[in-house]
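Trainee: Walk me through this structure, please. How should I read its features, one at a time?

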Amino acid sequence: MHGAVQPARDFADSRIVAAEQWLKALLHHTMVTALLVTATVGVRTQDVTFSSRIEAVRVDVLVTDNGRPLRGLGPADFEIRDNGVLQHVDLVSFDQVPLNAILALDMSDSVAGERLDRLRAAGSAVLAGLQPADQSALVTFSHVVRLAAKLTHDAGVVRAALSSAAGMGNTALLDGTYAGITVGATDAGRELLIVFSDGIDTSSWLTADKVLDAARRSDVVVYAVSVRSPTRPDFLRDLTALTSGRLFEVERTENLDTVFVSILEEFRHRYLVSYTPHGVSREGWHKLDVRVKQKAVTRARPGYLSAPSAAK
Amino acid sequence: MLSHQPGQKDDAVNEVAVWSNSDLRTLGADQRILVELMRDPAARQIKAAARRSTRSSFPYTSWQLRRMRVLACAAGGLLSRRDCRDLTASDEIDVPLSRLAQLAAQSEERGDGNYVLRRGALLHGDVAMSTEFPRAAEPDAGDGQLRIAVEDGRETSLRVTAVHWELARTLLDAMRPGPDEMVRRWYVATSGWMQGREQHDTVHLRHARQLFPDDRDILFLSGCQQEIYASPMVQAVARAAVLPAGFHVDVPQQGPALADAELFFRHALDADPGLVEGRLRLGHVLLLRGKVQEAADALREAARTADEPQLRYFAALFLGTAEEELGHFDIARDLYERAAALYPRAQAPYVALSALSSRRGDRAGARNEVQRVFELPAAPAQRDDPWWDYAIFQVRNVDALFKRLYELFPVPEP
């Protein structure tokens, strides 16, 4: 075959043509880097004193009988053990203490269009269910955490902030939830935090452990609504369990307003039980066991974390 | 398609980019045979073809094989060799191939018989980098790779990747006498590009480490990759991925990923004890592994030697966390404040300060500190938190990495 000269341009065998084309593609004349993309991108001694103030412990308790809230219970009906020590219940209130209803809503890239509309409608439904004495606030989070509306008795302000909130960016679920916990932690009112997220955390500074630690130190009850996905909402599950709230995993967001309203209704049917701890050390984790004398199911936080308050 | 300029998305890239994976695999087989023939155009037995023939018949007719020998003569710059003269190879190639043969011969005269291999790897790398996301050339994954696309922490698609990176690596593997500085720079630059685009590829860096086991840059990027793999977001996506039978996500569990990251960063620091960012990231990984005292030691050193503001910021935040874990709350507070001073429009330091107050039982303090977050500009564009880019910060110099790579390729005579 040595004599079978055939010009390359007439060579049409597809088995070889790719290799030949590839070889020709290697030719070059200049070097340019246009393709490249730049990536976006004295030790002091501790000086702490501890206050000796004894604070009452408040525990939100849901009591149900066959799934229905049990009403009309008084202090004598509750049995609370703090680290195994039976406590004297000072006060029980039901639907009397105003709420601090905090909405902490995911406004990342994934919440847009119809889903955003439904989220706004769900938030508005909660605001519509508040009493005049209640307060509300709106925290939004993408990678940016914002207080879109501070704690106020004027639900209209929060509703307006909600209607102008828009989705953009990554998700700082942990930082946003932490902000929600902190915003509502006032001495007045009962703190209800409703967290909505449809994704997993991508940009928080805080770890889940730190947010859970903050929740253990607060009186907040967290309800969370998560859009079901292959990734498990472990953090929200842990947080809601720790604060005796509940996690709703929804397939779709069509009925988001119904879910949000049911959260408010359930929260209103909870008792706020308070006692002044005795017979237990003040610091550290306090395991709680809350029961009622009636045949009923109780749901309360599994415990709380008490730390000495620091003053300089 | 007559030319490709490295680093450019030119016609050559566009043409090769549309080839299917099936075509590319055929090309890969051809390339292996071509490389073998470049070493010996008259070779009677071709090992690469023999390997391939275990699955199918020998790929070429005798005429095709002769043509491959001619192409090998051109690609190897061997037209003046007796074997190639016997083939009358120079008479059977067109102008572009003659030009290629000339360039390859010039390279050979300089003692480098790998011209085509280098150029080929650059081309395939550029094709891989030219597409926004690896395209699914065909639905059948075959024995290739799948890539999980993640957006805002959610899996959005599962795609078959084109095999350009694999082809590029194979070409560089064929270099004689072995991988050199150009190959090293190529792996560093391309791995950096992948990390900057968050297109993580375990195989690429694993292969780089096999070739350059003690290289500072490759070990550093390997550590960064494992550090990213250990992040909750990557772990959640990797564990939840639903894959076709026979596939698995090449991402280790968090614990092993962090252990590997520590190992790689330590080796990188063995190679270059002055690698500040390596020490910083080692400290971060040690912190995540619960080795708090070791982490604090590494982070103090990093904080002392860091000169870039972002590195000082990360060092202050991480060291603050370490000091907090050690119970040194006041020191931690000072460090978080230092981070806030470096980046006053950053969110992380104030969140950290608030959580620290909460931890100390200071609820009012926690509220006050989180209020500082809320007082930051509302518009995301006006916030400035390097933490949000920590996962890609290590490749901020990727342009320079490619520039260093291309410095090795002098512009040829026209």
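Trainee: Which residue in β10(A) stands opposite A:Leu99?

Mentor: Start with the terms. Strands (E, at least two residues) and helices (H or I, at least four) are DSSP runs, numbered from the N terminus. Two strands pair if DSSP finds at least two bridges between them. Here, A:Leu99 faces A:Arg190 in β10(A). Seven bridges link β7 (residues 99-106) to β10 (residues 190-197) in chain A. These two strands run parallel.

Trainee: What should I know about the model itself?

Mentor: It is a predicted model: local features need pLDDT of at least 70, side-chain atom pairs count only at pLDDT 80 or more, and totals for chains, interfaces and linings use all residues. Residues are numbered from 1 along each chain as its sequence is written, chains are lettered from A and ligands numbered from 1 in the order written, and side-chain values use heavy atoms, leaving out hydrogens and water.

Trainee: In what order do the six strands of the open sheet in chain A lie?

Mentor: Read across the sheet: β9-β8-β7-β10-β11-β12 of chain A, with mixed pairing. The edges are β9 and β12 (246-250) of chain A. Each has a single partner strand, so one side of each lacks a neighbour in the sheet. For angles, axes are lines fitted to C-alpha atoms (for helices, over the stretch in contact), and values run from 0 to 180 degrees between N-to-C directions. Neighbouring strands in this sheet are turned by 10° against each other on average, direction ignored.

Trainee: Which helix packs on this sheet?

Mentor: Look for contact, meaning heavy atoms within 4.5 Å. Helix α4 (residues 173-183) of chain A touches β7, β8, β9 and β10 of that chain. The direction of α4 makes about 160° with that of β10(A).

Trainee: How many residues sit between β8(A) and β9(A) in their hairpin?

Mentor: Three. Strand β8 (residues 135-141) and strand β9 (residues 145-152) of chain A run antiparallel, joined by five bridges. A:Val139 stands opposite A:Leu147 in β9(A). In a regular strand, side chains alternate between the two faces of the sheet.

Trainee: Which four strands form the other open sheet in chain A?

Mentor: The order is β5-β4-β14-β16, with antiparallel pairing. β5 (85-87) and β16 (303-306) of chain A are the edges; each has a single partner, so one side of each is left without a neighbour in the sheet. Here neighbouring strands are turned by 30° on average, direction ignored. Zoom in on β4 (residues 78-82) of chain A: three bridges join β4 to β5(A). A:Asp82 has A:Val85 as its bridge partner in β5(A).

Trainee: What is the phi of A:Asn83?

Mentor: Near 50°, a positive value in a residue other than glycine. A:Asn83 lies in the loop between β4 and β5 of chain A. Now for exposure: buried means under 20% relative accessible area, exposed over 50%, partly exposed in between (1.4 Å probe, protein chains only). At 35%, A:Asn83 counts as partly exposed. A:Asn66 also has a positive phi, of about 50°, and is not a glycine. The loop between β2 (57-65) and β3 (68-69) of chain A holds A:Asn66. With 75% relative accessibility, A:Asn66 counts as exposed.

Trainee: Is A:Val211 buried or exposed?

Mentor: Buried, at 0% relative accessibility. A:Val211 is in helix α5 (residues 208-216) of chain A. Beyond its neighbours within four places in sequence, A:Val211 contacts A:Leu174, A:Thr177, A:Tyr178, A:Ile181, A:Leu206 and A:Phe235. Its C-alpha atom is 8.4 Å from that of A:Leu239, 28 residues apart along the chain.

Trainee: At roughly what angle do the axes of α2 and α3 of chain A cross?

Mentor: Roughly 180°, and the axes of α2 (residues 114-128) and α3 (residues 155-164) come within 10 Å.

Trainee: Where is B:Pro177?

Mentor: In the loop between α8 (164-173) and α9 (181-196) of chain B. The peptide bond from B:Arg176 to B:Pro177 is cis, with omega near 5°.
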